Amino acid sequence: MADAGGLRARLLARPERALRGVSLGWTAAAGIFVVVAALLGLALGPVDLGVAAVGREVLSHVPFLGVESSFSDTQDAILWELRAPRVALGLLVGAMLASAGASYQGVFRNPLADPYLLGAAAGAGLGATIVIANDLGGDAGLDLRPVAAFAGAMLGVGIAYVLGSSVGGRETATLILAGVTVASFLTALQTYVQQRSADSVQEVYSWILGRLETSGWTDVLIVLPYVAVSAAVLLWHRRLLDVLAVGDDEAASLGVPVARVRLLVVAAATLGTAAAVAFSGLIAFVGIIVPHAVRLMAGTSYRLVLPLSLAFGAGFLVLMDLVSRTVVAPAQLPIGVVTAFLGAPFFAVVLRTTRTVGP
Amino acid sequence: MLSRSLAAALAVLLAFVLAGCGGDDDTASPPATSSAAVETTPAPAEFPVTVEADNGAVTFDEEPDAIVSLSATATESLFAIGAGDQVIAVDDQSNYPADAPVTDLSGFEPNVEAIASYEPDLVIAAYDPGGLVDGLEKLDIPVLLQDAAPDLDVAYEQIETLGEATGNSEGAETVVESMQIEIEELVASVPGVEGATVYHELGPDFFSATSETFIGSVYELFGLVNIADAATEADAGGYPQLTGEYIVSESPDLIVLADTKCCEQTVATVSGRPGWDQIEAVQHGDIVEADDDIASRWGPRTVVFVELIAESLAGIGRP
């Protein structure tokens, strides 16, 4: 670190001119992607409302346009009380899973880190299963799933991280091994709890496979604050994630409080993941696919990867949900099946590329 | 309850495997294996007797008096036909009748050793996961496998088979005959409901049952149109997961909740779901709170379910 000063200047400076051009293009692309995905999500579905009719209905809510909606009460209810909250939840969950995945990858300097490989999802699954199986909080009208999921997720990531770093060695391999170990153990516990309670097997099962079917805007409003806080913390730290990328010692020598940043980012990513997972179930691979697709397209700086993952993750999950609720209409597929079906092959490609490029 | 959970799990797996294939092979309900049951004269029970079950022909040299039932439906049938005092143990889901000897045996994750420790001379199961039948046959314990019946005829045959195998043919005949008569009368009591639409709910995540299932066949008796049938292509198992917006747009005339115990669904919770106030059944209060267990079994208490449906249909469409 002979030229620590130079490195610091390079990393912490704001290369505004260079970045702004890229950012503007990508901001526009990301914005268009999210809007198009959301509009497709609203316009299409198992019930054919007619794309043009949906457009008229949406425009009829814009003042001074004078557009008349042709919707019946039933169609209105389908669009605004069933389909729109589902699209909104998809946006939130997708944004959260993708940005949390990107953050885990940055903070652990590990291209394969995501809520699933680190044990966060398995821990959240255990917490939520315990709540569902024992019907906790239901009598008091409380939904304890987010809280239990968060506790379980923190437990999972915490054990995985402590285990991984205590073994030491090549961090990529050991952290992933630790994460897989913890995830297997927590999944075993979760399966045990689930099997002990045959009455709720179905509910747990459908939750595990992922779902965005909402009970209306209430779900969206409950998830929103978690996602907003979590995403804000992650975005705030995106520059520091770039600094962490050069290594703990180097980052510390540049004045970055490594331990605190890591804890804060992990806590924020885990909180957001847990809240999303508590409502949407285990939707795999979004945290891997989206950040890596963004890296392949736009570059590896977290100043780009984080906000773009957030946006593309939101749009991506809405599109995946569109597939899950239309491909076998009027039935639906669990969304986790759709994301895994598309995600697994992509993950294989990522594995091949990172093997040659290095973490 | 048990079979419903299994069926739902199976349905999810099938949805995964068969997505888009439109396969119509029905793994849950093999062709009726009834020939023996029909041909055998319902005379006083004579042993040895050979009966047909879903695991093939099974021969009994003498009347079994240590029966283990891993099927909640079979438990209800055994007690109804008068074989109750031959039953020594039933699985943890067999909660009816109250005097059934409930144990912690599981029909969902059956443990052959635990079952064998009761030294049964007949085991009845509705599901054969992980070599249950093979394992018991190796121990020379006769097994009758009676899968979920796809319709009432098969359900009747299963009761008759239980009668022959346990030396209670007359009791079984009586039960079947009274079921047939009562159901026929109940269906006839609500004329003119043909074509009304029904949504049968297995869970608040909108798992439903098509006409290929036993419960679906009950709705067919009344001439009802099952809105889940549109998803038959997508789900050969008969238990598709519908979407909320499809249910609202179909606006069924009758909603039957088979998730009142598992998931605490009520008329109030269903009426309060966003957008559901547009549904005919919700507007007219035609929502039936069924007992999960009765609605998921295919035994003698099917009559109770049919009666519940008939009562609801009698006042359908009126506020």
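A residue counts as buried if 20 or more other C-beta atoms lie within 10 Å of its own. The exercises below concern a predicted model.

**Exercise 1.** Determine how many residues of strand β7 of chain B are buried, and which strands pair with β7(B).

*Solution.* 
Step 1. Strand β7 of chain B covers residues 197–201. By the cut-off above, four of its five residues are buried, and the strand is mostly covered.
Step 2. One partner of β7(B) is strand β8 of chain B, residues 225–226, paired in the parallel sense over two bridges. In this pairing, Val198(B) faces Asn226(B) of β8(B).
Step 3. β7(B) also runs parallel to strand β9 of chain B, residues 254–257, with four bridges joining them. Here the bridge partner of Val198(B) is Leu254(B).
Step 4. Helix α8 of chain B, residues 214–221, forms a right-handed β-α-β unit together with β7(B) and β8(B).

**Exercise 2.** State the strand order of the open four-stranded sheet in chain B, and explain why one side of β4 and one side of β6 lack a neighbour in the sheet.

*Solution.* 
Step 1. The order is β4-β3-β5-β6 in chain B, and the pairing is parallel.
Step 2. β4 (87–90) and β6 (143–145) of chain B lie at the edges; each has a single partner strand, and therefore one side of each is without a neighbour in the sheet.
Step 3. On average, neighbouring strands of this sheet are turned by 20° against each other, direction ignored.
Step 4. Helix α3 of chain B, residues 72–81, packs on the sheet and touches β3, β4 and β5 (122–125) of chain B. The direction of α3(B) makes about 135° with that of β3(B).
Step 5. Strand β3 of chain B, residues 67–69, pairs with β4(B) in the parallel sense over three bridges. Within this pairing, Val68(B) stands opposite Ala89(B).

**Exercise 3.** Report the confidence of the model, and locate the stretch of chain B where pLDDT is below 50.

*Solution.* 
Step 1. The model has an ipTM of 0.78 and a pTM of 0.80.
Step 2. Chain B has a mean pLDDT of 85, and 85% of its residues reach 70 or more.
Step 3. The pLDDT is below 50 over residues 10–42 of chain B. Beyond near neighbours in sequence, this stretch has 60 contacts in the model.

Methods: Residues numbered from 1 in each chain as written. Chains lettered and ligands numbered in written order. Predicted model: local features only at pLDDT ≥ 70, side-chain atom pairs only at ≥ 80, totals over all residues. pLDDT = per-residue confidence, 0-100. Contact = placed C-beta atoms within 7 Å. Pairing = 2+ DSSP bridges. Axes fitted to C-alpha atoms, helices over the stretch in contact; angles between N-to-C directions. Buried ≥ 20, exposed ≤ 12 C-beta atoms within 10 Å, placed from the backbone. Right-handed = clockwise from strand over helix to strand, strands pointing away.
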